[in-house]
Amino acid sequence: MTDPRAEYGRRLHVWRERIATFDRTHLLISNSRLVVALGGAVFFWLAFVRRTLPPAWPIGAAIVFTGLVVRHARLLQRADRARRAEQWYARGVDRLDGRWAGRGRAGVRFLEGHDYARDLDLFGRGSLFELLNTAHTEAGEDALARSIGAGAPIAEVVARQAAVDELRDKIDFREDLAVLSAESEVSRTGAMAAWAGSPPAGLTTLAAVVFAGCAAATVSVAALVLMERLGARWLLFWLVVESGVIMAWQRPVRRALSGVATADHDLALVRDLLARIEVEPMRAPLLAAIRQRLLTDGMPPSRRIAQLRRLVSWLDSTRNQMFAPFALALLLPQQLASAIDRWHAAYGARVVEWLVAIGELEALAAIGTYAFEHPRDPFPSLTEDGPLFEADALGHPLMPEDASVRNDVALGHRAPRVAVISGSNMSGKSTLLRSVGVNVVLALAGAPVRAGRLQLSPLVIGATLKVEDSLQAGHSRFYAEILRIRDIVNGARTAAAPWSMLFLLDEILHGTNSYDRRIGADAIVRALVGYGAIGFVTTHDLALTELPPKLGAVAANMHFEDRLEDGKMTFDYRMRPGVVEHSNALALMRAVGLDV
């Protein structure tokens, strides 16, 4: 088993050594360019002003200077990628040291409309998404958000586990994917995607034939004029006719070229990403299927994009001031526009599919990175024989491993289907509910879980850990809570096998009086159990601990304890059977100086 901290430290050292080498070489080449430029100026003066040197000297200096410029550009690109690799591993060390919260992309845009993301800290600062997210493309973040935002069938989860398990050990591949994708902001709605998704300009085969025919005619007329078989006025006349052809096709040509130039940089990045993906051996069926989807008529997509980039490069060449008049006379921009439009019509729609495939691989690589950084976390086993949640040594994935207190948790099958958890403030009730919920999310995303062992059936989560009032909607906190509970009960009623509801009801109905709370909680829990749900109910109100005996074997009381030592409350965060025997509210008040 590879130690992630040692591996990251070793690779950080290697990249920092390379960066130092690049910096020394950069300084050497910069000074060399200056010396050659000054020497070339002196050689030019001596050769063409004083005429004491042959012209080969300044020409040779110009060639050397050009070579240094090309070498310098390549060096700067390699140095930039080396710095991105160093940042990649530095962020990995930060995650291992628990310094990741607030330093990454937190996926706040995915919070809106999600039923339990706020309850379980799935998105936002210090969230599960921020911990997992190593994607740089918008498609990658979307795919990662989908994987942790909703469950998947068992077959899909098992396929994702195999893909994540393979990617866990592909450190070089994950590094290359991260370094390349970090080169630029690639968006599903950016210049490249906008151009690819737009309709082609409609430059048909007829247009290509007309443009090629005009170019051939221009060459023929020019040759006849040079051979003095035609007068120069015929060439001028033909160029006027050709100008009419250019004007007639001006609008579709402009449409064909609009957007492709701004998309060119993103296309280059996507080509590099695809080229890296294409050469990586992939055994897991899901990874192989994603790569197979990339093929277009049997040709790798990187080669398709390379075809387009050559056309764009040639188009840029036609704008050279010396070459532009000849290019215009030969209708080269129009011919290239026709070729670009044909590429757009044939493969434009596939660009978005290629982005989606890259995003799916980025999301799987992000989970693979998480798996690599948590080698002791196992993959859960899934069963359709539910409802079931059974975990040994369950911890919270967002907490440092050395600070997370583990608990054994079991719901369903031989264990009770409902656990009413009593205990004092800060004793660990809410943390346990979040630990259960976040590990279910990880499990159904195909990721390892923070537990010694976890077995579960497909579960739909319903939670009330963070319920807030709404001034805009005119809802109190209590009203917002009962609306959420209503949706959870409806979800339990409509859940289709093998899916079952896992409810996490924190401090249930604490916004009302004890009498109404007891009657309401009794009815809610009975309804959820009747619909085949499993879950937890936490409470301060010891009256609710009378509920499990009424329900029989399907329910049980659990509790967390606390102790007051030297005026300070201490907790061990261990869940125990039975009802808590005391509360800490009065003790806490006295501890802060209130005379109660």
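**Cavities in a predicted model**

**View 1. Lining of the second largest cavity.** Arg518, Ala521, Asp522, Ala543, Leu544, Glu546, Leu547 and Lys550 line the second largest cavity. This is a predicted model, where local features need pLDDT of at least 70, side-chain atom pairs count only at pLDDT 80 or more, and totals for chains, interfaces and linings use all residues. Residues are numbered from 1 along each chain as its sequence is written, and side-chain values use heavy atoms, without hydrogens and water. A cavity is a set of points, on a 1 Å grid over the protein atoms alone, where a 1.4 Å probe fits but cannot get out; lining residues have an atom within 4 Å of a point.

**View 2. Helices and classes around the second largest cavity.** Helix H19 (514-530) and helix H20 (547-551) each give two or more residues to this lining. H19 supplies the largest share, three residues. Helices are DSSP runs (H or I, at least four residues), numbered from the N terminus. The lining has four nonpolar, no polar and four charged residues. Ala, Val, Leu, Ile, Met, Phe, Trp, Tyr, Cys and Pro count as nonpolar; Asp, Glu, Lys and Arg as charged; the others, Gly among them, as polar. The volume is about 50 Å³.

**View 3. The largest cavity.** Its volume is about 70 Å³. A volume is the space filled by probe spheres set on the points, with grid points joined across faces, edges and corners. The lining includes Trp88, Thr134, Arg174, Ser181, Glu362 and Thr369. Helix H7 (171-181) and helix H16 (332-373) each give two or more residues to this lining. By class, the lining has six nonpolar, three polar and two charged residues.

Key:
On a 1 Å grid over the protein atoms alone, a cavity is a set of points where a 1.4 Å probe fits but cannot get out, and a pocket is an open set with protein on both sides within 12 Å along at least five of seven lines; lining residues have an atom within 4 Å of a point.
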